[in-house]
Amino acid sequence: MTSENTPVSELGLPELTTWLRRCTELVDENAPYLTDLDAAIGDADHGANMQRGFDAVAGILDAEYEDVQALMKKVGMTLVSSVGGASGPLYGTFFLRFATSAKGADALDLHALFAALQAGVHGIEERGKSMIGQKTMLDAWVPALDAYQRAGETLQGAVLAGAAGAQEGRDASGPMEATKGRASYLGERSVGHIDPGAASTALLWEALADVVRPGGPTPDGEAGADGETRADGETRADGEAAS
Amino acid sequence: MTGIVVVSHSRPLAEAAIDLAQQMVRDGGPRIEIAAGVQDPETDQLGLGTDAAAISAAIEKADDGQGVVVLMDLGSAILSARTALEFTEPDIVERTRLSWAPLVEGLVGAVVTAASGADPAEVAAQAEVASEAKHQQLAD
Ligand SMILES: Nc1ncnc2c1ncn2[C@@H]1O[C@H](COP(=O)(O)OP(=O)(O)OP(=O)(O)O)[C@@H](O)[C@H]1O
Ligand SMILES: [Mg+2]
């Protein structure tokens, strides 16, 4: 999609479509991991929920879309009616707000992408009546956005920083006590387990990073920076061992 | 008559709750629509889950012009019901109430009240009173 030497400076329909396809791949590969996380502090369905949702998203990507807004709106509507769990209305709302923010745009540059991501995250906060620190997906989203904004000079630099921020946020959810969602029924017993939604959010960011990384996602579906994905597995294991 | 929508993760749970509530009105009860479960494309079976688009459709179907009260179970049922209002016809949203009452108690209260011709605000209020009644019965 992009040559080795020209970094992606904006995301149009082709790049966004590649992002969503990459999300589907990463969700598929990591579904058992997401379900394990949810088995520890929830109802053991997050992997299956996300897989159902993103398989449905993959199914709408071959259609023609007029602009970014149309595509992202369709993604949001698809997620709210296919995921089944709390992550459905939350990720669905994210993409619906992202779509509204991208209204009229053919492609999103550094600033427009930030605005769209931020609108999406505000949508999650509003829908979930939740905020950072409550052991939810927001614990990955919010640090990711902050890191993106701090890095912000090039789209590539900002997205890579955002993806790293999402991973840190995911890991930081481990020691937190859940006060929202199913895990809140466990109270203190939720401490020591990474939040499943924070982990899936980190995957969506990893997928976005793969789109802007020099070379982009390789055709066999493996991430450009393979080592990073594996190192990630380590962190996951640590987070769980802490419980 | 105020329509009722039951949102649940489980279709059998919704159906059973409705059976229980309808004993109180037999015929002449309100229109009750179910939005429960999520379709698994692989098995084609209805699994546990909620679907905002299905809830929106159920609200529009349950409305006869007088409005709708939505009763729901927990977690994503609440998030999906709130999301559903985003793509429901604005006029209908105006006359729709999401009730915080627990599903079983609330549904009995709502069905009986709706059958009397009450508006959505009153039906929602009585659904909530019905759950308070349980608290009273156990207090000594
Ligand atoms: N109010 C909320 N705000 C933000 N994120 C939330 C909220 N509630 C749940 N989540 C996120 O959703 C994730 C769980 O998603 P999942 O798909 O497993 O839904 P679920 O909790 O099983 O849904 P259900 O309510 O139907 O049981 C959590 O790990 C958390 O990150
Ligand atoms: Mg779950």
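At roughly what angle do the axes of helix 5 (residues 103-115) of chain B and helix 6 (residues 120-138) of chain B cross? In this predicted model, where local features need pLDDT of at least 70, side-chain atom pairs count only at pLDDT 80 or more and totals for chains, interfaces and linings use all residues, side-chain values use heavy atoms, with hydrogens and water left out. Residues are numbered from 1 along each chain as its sequence is written, and chains are lettered from A in the order in which they are written.

The two axes (lines fitted to C-alpha atoms over the stretch in contact, with angles from 0 to 180 degrees between N-to-C directions) come within 7 Å and cross at roughly 135 degrees.

| Helix of chain B | Residues in contact |
|---|---|
| Helix 5 | Glu105(B), Gly106(B), Gly109(B), Ala110(B), Thr113(B), Ala114(B) |
| Helix 6 | Glu122(B), Val123(B), Gln126(B), Ala127(B), Ala130(B), Ser131(B), Lys134(B) |

Between the chains, 19 residues of chain A are in contact with 18 residues of chain B. The buried area (accessible area, 1.4 Å probe, that two parts lose on being put together, summed over both) is about 1,400 Å², of which carbon and sulfur atoms give 55%. Arg52(A), Gly84(A) and Arg127(A) supply 36% of the area that chain A buries against chain B, more than any other three residues.

Note on methods
Helices (H or I, at least four residues) and strands (E, at least two) are DSSP runs, numbered from the N terminus. Contact means heavy atoms within 4.5 Å.
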